[in-house]
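Here is a short briefing on a few backbone details. Please look over the structure first, then read the points below.

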Amino acid sequence: MATTTQRKSPQRDVLDSLSSIIALFFILFACVELCDAATVVDVYRLIQYDIAGVPFGSRLASLNHHAGSSLFAPGTDLSRTVVIIPVREMNLTLIREYIGQKKPLGGILFLLPRMFSSDNKDSVGEGDHTAVKELMKNILVELERLLVHANIRYPVYFAYEDDNINAVLADVKRNDATGQPATATTGGYKFVAMAPEPKKLASPSITNIQGWLPGLRADGDSNQLPTIAIVASYDTFGAAPALSVGSDSNGSGVVALLEIARLFSHLYSDPKTRGRYNLLFGLTSGGPYNYNGTHKWLRSFDQRLRESIDYAICLNSIGSWDNDLYIHVSKPPENAYIKQIFEGFSKVAEEVGLNVGLKHKKINISNPRVAWEHEQFSRLRVTAATLSGLPVAPELLESTGGLFDNRQYVSEAAITRSVKLVAESLGRHIYGQQGKNINIFADNSSLSVNPYYIKSWLDLLSVTPRVAPFLSKNDPFIMALKKELEDHTVEVSMQHEVLDGMFTFYDSTSASLHIYQVASVTFDLLLLLVLGSYLIILFSFLVITTRGLDDLISLFRRPPSRKVKAA
């Protein structure tokens, strides 16, 4: 028995050696395909949502395909190709054709110019640079309109240009110069984004915030005083929720409201200068969705409060205009309240060198579409107007904080002048100084507009995505707004509501894109052949030197069959 064990021992050693060699072989085989990522890029997914059950946006999130640099010739199979499209070089007509005809793609990665990044603090320049920015802005507006209203059955992502992604794009372009898209056969770059399957957001919430500055009444009961409401919607909507900061729409309106509250808090803190009007400040949510938050906020008012509102001023997109602002109203211009508002604003506008126009748009009660925030007030027969730099009402889900709407296109000076216009007009109305050449909020006084305050809040809003369904009730940004309003007003409260069921949103708004450089299958096979030959030679050499040639031959010799004789 011992002799048999000793005879098998060398074979076991050989088999152990063979097992080690085979394990090494498989490790090397795996290494042929796997490699370290050439680079990792932060990418932001095109929004996915439904309106009344109709799907829009990008319906998939996970990527695992080779990269291409163009849409190639007609008929080319791109169903397993992620196409990299720099916005600077984009052929919008071709993209519209691909999306409109629902041609299959593995995915699209749009590269945005660095100027649109929130990290870019440069202000809008002059000359050719400004012309380039305006061109890029117009292209992005058209692209966003196309993507947001399309049903796209593959992943669509956005990323900002940088040295790493530009180097990858240059290599991909050189590979694609042959006219063949990258595949497993030809090699190239592989894009991998392991994002989870998008899931519906259950009962997305919207949060309204309000604060009061009570007026002064002889009997001490401010509830009997008329009220002026200053309102701004703070949330956004855009092609990429994680990039939708809305510096102008409506970050500028939020900044203006907070500064107006700060200015009047100084006057109302002293009984001697407190006006005989209550001031109600409202920061509303759900603005892009028919001002759903404003609707619910107003419905929460009792009849007495609604009837006490003299008029409401809604602030919208007041940070990127030159010298023209517009007062949008629903009631006819001949209405006494509308004439009073317009004349008051026009007088102050002349003094500060602005032009204010009046735009009348009658609302259709039977149509649920709400173009301006003041229309929610008008539907309840409350006099209201919207002050905006936009001359016409935007379409649904447009001009609500898109890809181009960032810090680069907002002027602090424009917001400062807008604040001066609104505050001075309200002040003269409250204190009965209409038509008089008096500056309540004069420059270089203790009541002057603070440009540093405006800048600090504008900077914060310009780096904070605010798409309502992705903001929780206690989101740090919402709590910051509440705290700031508490510093300037009293009786600050929050109203939490559920966004109307017409809209359904999905998560998975951003991901990390791993970019791998992989070799072709031909190269893989050649490398495997070389490695296999080397391992066979190495194995044979080790067996011959340690066990002899006979042992090597015996490994490949067919063992003799054993016949078991019956007893």
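The points below cover a cis peptide bond and two residues with positive phi.

This is a predicted model. The peptide bond from S249 to N250 is cis. S203 has a positive phi although it is not a glycine, and E491 also has a positive phi in a residue other than glycine.

**The cis bond and its setting**
- S249 is found in helix α5, which covers residues 247-268.
- N250 has its place in helix α5 as well.

**Around S249**
- S249 counts as buried because its relative accessibility is 8%, and buried means under 20%.
- The side chains of S249 and S317 are joined by a polar contact of 2.5 Å.
- Neighbours within four places in sequence aside, S249 is in contact with T236, S317, S399, T400, G401 and D405.

**S203**
- Phi of S203 is about 50 degrees.
- S203 sits in the loop between β9 (188-193) and β10 (205-213).
- S203 counts as exposed because its relative accessibility is 56%, and exposed means over 50%.

**E491**
- Phi of E491 is near 50 degrees.
- E491 lies in strand β17, which covers residues 490-498.
- With a relative accessible area of 59%, E491 is exposed, given the cut-off of over 50%.

Definitions and conventions. Residues are numbered from 1 along each chain as its sequence is written. This is a predicted model: local features need pLDDT of at least 70, side-chain atom pairs count only at pLDDT 80 or more; totals for chains, interfaces and linings use all residues. Side-chain values use heavy atoms; hydrogens and water are left out. Helices (H or I, at least four residues) and strands (E, at least two) are DSSP runs, numbered from the N terminus. Buried means under 20% relative accessible area, exposed over 50%, partly exposed in between (1.4 Å probe, protein chains only). A polar contact is a pair of N or O atoms within 3.5 Å; within protein, one must be able to donate a hydrogen and the other to accept it, and residues adjacent in sequence count only if both atoms are side-chain atoms. Contact means heavy atoms within 4.5 Å.
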